[in-house]
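Please open the structure in a viewer and keep a selection panel at hand.

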Amino acid sequence: MKKRIFAALLSVTMVATLFTGCGAAGGKGGKKVGVAMPTQSSERWINDGSNMKSQLEELGYEVDLQYAEDDVQAQVSQIENMIAAGADCLVIASIDSSALVNVEKQAKDAGIPVIAYDRLLMDTDAVSYYATFDNKGVGTAIGKYIVDNSGATPDAPQTIELFMGSPDDNNAHMLYAGLMEQIQPLLDSGALVCESGQLDFESNNTLRWDQQTAMKRCEDILTRYYADKDLDICACAYDGLSYGCMAALEGAGYTEANWPLITGQDAELMATKHIISGKQTMSIAKDTRLLAAKCVTMVQAVLEGAEPEINDTEQYNNGVIVVPSYLCTPQPVDKNNYKEILIDTEYYTEDQLAE
């Protein structure tokens, strides 16, 4: 409850700060904004949706927030219903953007601007803008953390396995590229060794970023390649994947004595507790309040005929157009800095982390 109150109070300040001259809340002529989110099974998407809804409502917009629970056709239907109900703008965090091309065309034909939220909408010219974190930067940060903290050298090599994101999510490909740029020199020198050989994205991706899928694959890798040696590093692209790997490691008998370095992304509440306890080594903090606020300024700009703030016009080619984007900066979090990044900013409270 404290977190919700804080988010509601923060939203007014952040939106006003991030969008100069936006004026007072209210008086938006009853305009409707449809917000399509992928799932409520991940804490971060719940936070994204609630933050955006509260901030848009503070500005006087009517908001239709829908979650599709990773059901692609459900998301298509939800967006179709938003269009039929007269949405003036759509914000879409896609499950599988390739399945949304037709419904996005419907939105464009109806004159409804579309903003992609943290997952790029591919193969369409219907998307106006993209609000996201620096996705390649996330991978770069994870890779740099491994390079700086693993202690791996050619004389003291360490084993590593990669658990990357979903192949239908452009973010996952960009994260992988950033990660590999950092760790490839160590792989080339023999400082890092991937016993499974599954270094290409096609073999180490995880459809829908699914925890159970990651757990099963990790179990298989441990059984097949690590029967007589330890896995030293689990390079996971998301906290949910790290949970799956942790379960597999525990099942294989790993203890504190040989527990590997485990990475993640999103700094979920559970992941942060794991970081404090030493079960997970690090994650990437992505302040959804800031991302939601940036997206809200985009919505307000397109509905008022203004130009939103953009800081990237090169990276995000969706196969049809280069989508003008705003990239927020991700922050690596471990046991040494979680208080500064997560508690001092009131993203979490001490009480939440102690529960």
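Which side chain meets that of glutamate 250 in a salt bridge? Select lysine 279: its side chain and that of glutamate 250 form the bridge, at 2.8 Å from N to O. Bear in mind throughout that the model is predicted.

**Stop 1: around glutamate 250**

Glutamate 250 belongs to helix H9 (residues 239–251), while lysine 279 is in the loop between helix H10 (269–277) and S10, so the pair ties together parts 29 residues apart in sequence. Colour both residues by accessibility. Glutamate 250 is partly exposed, with a relative accessible area of 42%; lysine 279, at 25%, also counts as partly exposed.

**Stop 2: the four-stranded sheet**

Next, select strands S7, S6, S8 and S9, which in that order form an open sheet with parallel pairing. The edges are strand S7 (192–193) and strand S9 (261–262); each has a single partner strand, so one side of each is left without a neighbour in the sheet. Strand S8 (residues 233–236) is joined to S9 by two bridges, and isoleucine 233 stands opposite leucine 261 of S9.

Helix H5 (residues 135–149) lies across strand S6 (158–163), S7, S8 and S9, and runs at about 165° to S8. Helix H6 (residues 170–189) lies across S6, S7 and S8, at about 165° to S6.

Lysine 144 counts as partly exposed, at 44% relative accessibility.

**Stop 3: the six-stranded sheet**

Select S2, S1, S3, S4, S5 and S11: in this order the six strands form an open sheet, again with parallel pairing. S2 and strand S11 (325–328) are the edge strands, each with a single partner strand, so one side of each is left without a neighbour in the sheet. From one strand to the next, the twist averages 15°.

Centre the view on strand S1 (residues 32–37), where five of the six residues are buried. Six bridges join S1 to strand S2 (residues 62–67), with valine 35 opposite leucine 65 in S2. Tracing the chain from S1 to S2 leads through helix H2 (residues 43–58), in a right-handed β-α-β crossover.

S1 also pairs in the parallel sense with strand S3 (residues 89–92), over four bridges; here alanine 36 has isoleucine 92 as its bridge partner. Moving on from S3, three bridges pair it with strand S4 (residues 114–117), also in the parallel sense. Leucine 90 stands opposite valine 114 in S4.

**Stop 4**

Finally, select aspartate 118 and lysine 286, which form a salt bridge with the closest N and O atoms 3.6 Å apart. Aspartate 118 lies in the loop between S4 and strand S5 (127–133), and lysine 286 in the loop between strand S10 (283–285) and helix H11 (288–304), so the pair ties together parts that are 168 residues apart in sequence. Are these two residues buried or exposed? Both aspartate 118 and lysine 286 are buried.

To survey the whole model, display every salt bridge: the count comes to 16.

Terms used. Residues are numbered from 1 along each chain as its sequence is written. This is a predicted model: local features need pLDDT of at least 70, side-chain atom pairs count only at pLDDT 80 or more; totals for chains, interfaces and linings use all residues. Side-chain values use heavy atoms; hydrogens and water are left out. Buried means under 20% relative accessible area, exposed over 50%, partly exposed in between (1.4 Å probe, protein chains only). Two strands pair if DSSP finds at least two bridges between them. A crossover is right-handed if, with the strands pointing away from the viewer, the path from the first strand over the helix to the second runs clockwise. Contact means heavy atoms within 4.5 Å. Axes are lines fitted to C-alpha atoms, for helices over the stretch in contact, and angles run from 0 to 180 degrees between N-to-C directions. A salt bridge is a side-chain nitrogen of Lys or Arg within 4 Å of a carboxyl oxygen of Asp or Glu.
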